[in-house]
Amino acid sequence: MTEQAAVHPPLITAHELDQALHAPEGHRPTVLDVRYQLGRADGPEQFRAGHVPGAVYLCLDDVLADPHVPGTTGRHPLPSRDRLQAGLRAAGVRAGAAVVVYDDWHSIAAARAWWLLRHSGHPAVSVLDGGWQAWHDAGLEVETGEVTPEPGDITVAEPALTVLDAEGARRYAQNGTLVDARPANRFRGEDETVDPVAGHIPGAVSLPALELVGEDGRFLPREELLAAFHRRDVHEGGTTAVYCGSGVQACHVALAAAAVGISDDLAVYAGSWSDYITDPSRPVATGA
């Protein structure tokens with residue numbers, strides 16, 4: 001790991017990012033705008049209307065996931081090495097250069113980018129805490145229109161983080177702690193409007209990703225995050241994995257765990273619930 005990567009924190013504030021963008025040429029981070037929300041497709045339009053100066057828009061569906069094959073994969077399969085590398089290079093990501101990612105969805109989509117970059121051997125990456133709203137609320141400079149970056153040269157390396165399949169997730173539920181990052185009602189099997197089967201993996205515990213952030217979209221203070229993890233028996237050095245609906249919100253919980261020092265590599269069931277239910281023989285639990 002490079003010296004730069006070793007000091008790059010999981011979260012960065014708007015003012016810290018602003019200072020970094022005013023560093024000498026060659027020392028500024030690459031900024032990726034990953035605005036995305038389930039059921040919406042207007043990220044590029046939002047980006048053109050206003051973004052962090054120099055940021056490049058990165059589409060979650062096109063770069064941070066492979067195409068969904070209904071009935072055989074989860075809704076956001078991990079991207080192939082070629083897809084991810086091509087997308088990151090087109091966005092100007094350079095080997096050895098720091099990256100900052102942000103969104104307008106409580107850092108959920110940004111967390112997916114953060115996790116994938118680290119998984120691909122690029123640990124010098126941070127998430128803008130509070131995302132686009134934090135930048136806007138700080139009154140910092142806003143740029144509009146398209147951005148065409150110089151192509152990057154990042155090489156996506158062999159997988160670096162712990163990724164589970166369905167059977168691996170079940171083993172964590174039986175022998176450790178398996179965290180379900182979806183909203184609590186979906187964990188209980190209530191009000192399921194996204195996936196065709198309601199419920200959760202037996203033995204899992206509910207820790208909704210959205211409960212880890214405040215109304216302003218910033219992550220809760222360290223003490224509150226630690227308390228939320230400890231209530232689910234998630235501790236430093238413990239045996240913990242996380243899943244969600246399609247593997248995106250799971251990365252958000254992994255980001256929070258890294259931010260408070262619980263784990264730099266919380267195991268992630270990448271296919272998550274939408275993959276788990278593709279096999280009707282797998283057991284399903286409902287209720288709290």
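Is Ala97 buried or exposed? Ala97 is buried, with a relative accessible area of 9%. The structure described here is a predicted model. Its chain has an average pLDDT of 95, and 98% of the residues score at least 70.

**Confidence**

- Residues 1-7 have a pLDDT under 50. For this stretch the model has eight contacts beyond four places in sequence.
- Where pLDDT is low, the predicted coordinates should not be read in detail.

**The largest pocket**

- The largest pocket holds about 390 Å³ of space. It is lined by 21 residues, and those closest to its centre are Arg28, Pro29, Thr30, Gly54 and Arg94.
- By residue type, the lining of this pocket consists of ten nonpolar, seven polar and four charged residues.
- Thr30, one of the residues closest to the pocket centre, is touched by Ala91. The C-alpha atoms of Thr30 and Ala97 are 7.3 Å apart, although 67 residues separate the two in sequence.

**The loop between H5 and E4**

- Both Ala91 and Ala97 sit in the loop that joins helix H5 (81-90) to strand E4.
- Ala91 counts as buried because its relative accessible area is 3%, and the cut-off for buried is under 20%. Ala97, at 9%, is buried as well.
- Leaving aside residues up to four places away in sequence, Ala91 touches Thr30, Leu32, Val56, Leu58 and Pro149.
- Ala91 and Pro123 are 32 residues apart in sequence, and their C-alpha atoms are 17 Å apart.

**Helix H8**

- Helix H8 spans residues 166-175, and its buried residues are Ala166, Gly168, Ala169 and Ala173. Viewed down the helix axis, these buried residues fall within an arc of 165 degrees, so they line one face of H8.
- An α-helix has 3.6 residues a turn, so residues three or four places apart point the same way.
- The exposed residues Gln174 and Asn175 are on the face of H8 that is turned away from the buried side.
- The packing partners of the buried H8 residues are strand E6 (163-164), strand E7 (177-180), strand E10 (267-269) and helix H12.

**Helix H11**

- Helix H11 (residues 249-259) is mostly covered, with ten of its eleven residues buried. Among them are Gln249, Cys251, His252, Val253 and Leu255.
- The buried residues of H11 pack against strands E1 (11-12), E5 (125-128), E9 and E10, and against helices H6 and H10.
- Strand E10 is therefore a packing partner of the buried residues of H8, which line one face of that helix, and also of the buried residues of H11.
- Gly261 follows H11 and has a positive phi, near 80 degrees.

- Ser107 is not a glycine, yet its phi is positive, about 70 degrees. Ser107 belongs to the loop between strand E4 (99-102) and helix H6 (108-119). With a relative accessible area of 1%, Ser107 is buried.
- Asp233 is not a glycine either, and its phi is also positive, about 60 degrees. Its place is the loop between helix H10 (222-231) and strand E9 (240-243).

**Residues with more accessible area**

- Glu141 is exposed, at a relative accessible area of 51%; the cut-off for exposed is over 50%. Glu141 is in the loop between helix H7 (131-137) and strand E6.
- Not counting residues up to four places away in sequence, Glu141 touches His51, Pro53 and Trp135. The C-alpha atoms of Glu141 and Arg83 are separated by 32 Å, and the two residues are 58 residues apart along the chain.
- Gly287 is partly exposed, with a relative accessible area of 26%. Gly287 lies in the segment after helix H12 (272-276).
- Beyond residues up to four places away in sequence, Gly287 touches Phe187, Arg188 and His200. From Gly287 to Arg186 the C-alpha distance is 9.4 Å, while the two are 101 residues apart in sequence.

Methods: Residues numbered from 1 in each chain as written. Predicted model: local features only at pLDDT ≥ 70, side-chain atom pairs only at ≥ 80, totals over all residues. Heavy atoms only, no water. 1 Å grid on protein atoms, 1.4 Å probe; cavity = no way out; pocket = protein on both sides within 12 Å on 5 of 7 lines; lining within 4 Å. Points joined across faces, edges and corners; volume = space filled by probe spheres on them. Nonpolar A, V, L, I, M, F, W, Y, C, P; charged D, E, K, R; others polar. pLDDT = per-residue confidence, 0-100. Contact = heavy atoms within 4.5 Å. Helix = DSSP H or I, 4+ residues; strand = E, 2+ residues; numbered from the N terminus. Buried < 20%, exposed > 50% of the residue type's maximum accessible area, 1.4 Å probe, protein only. Arc of directions from axis to C-beta.
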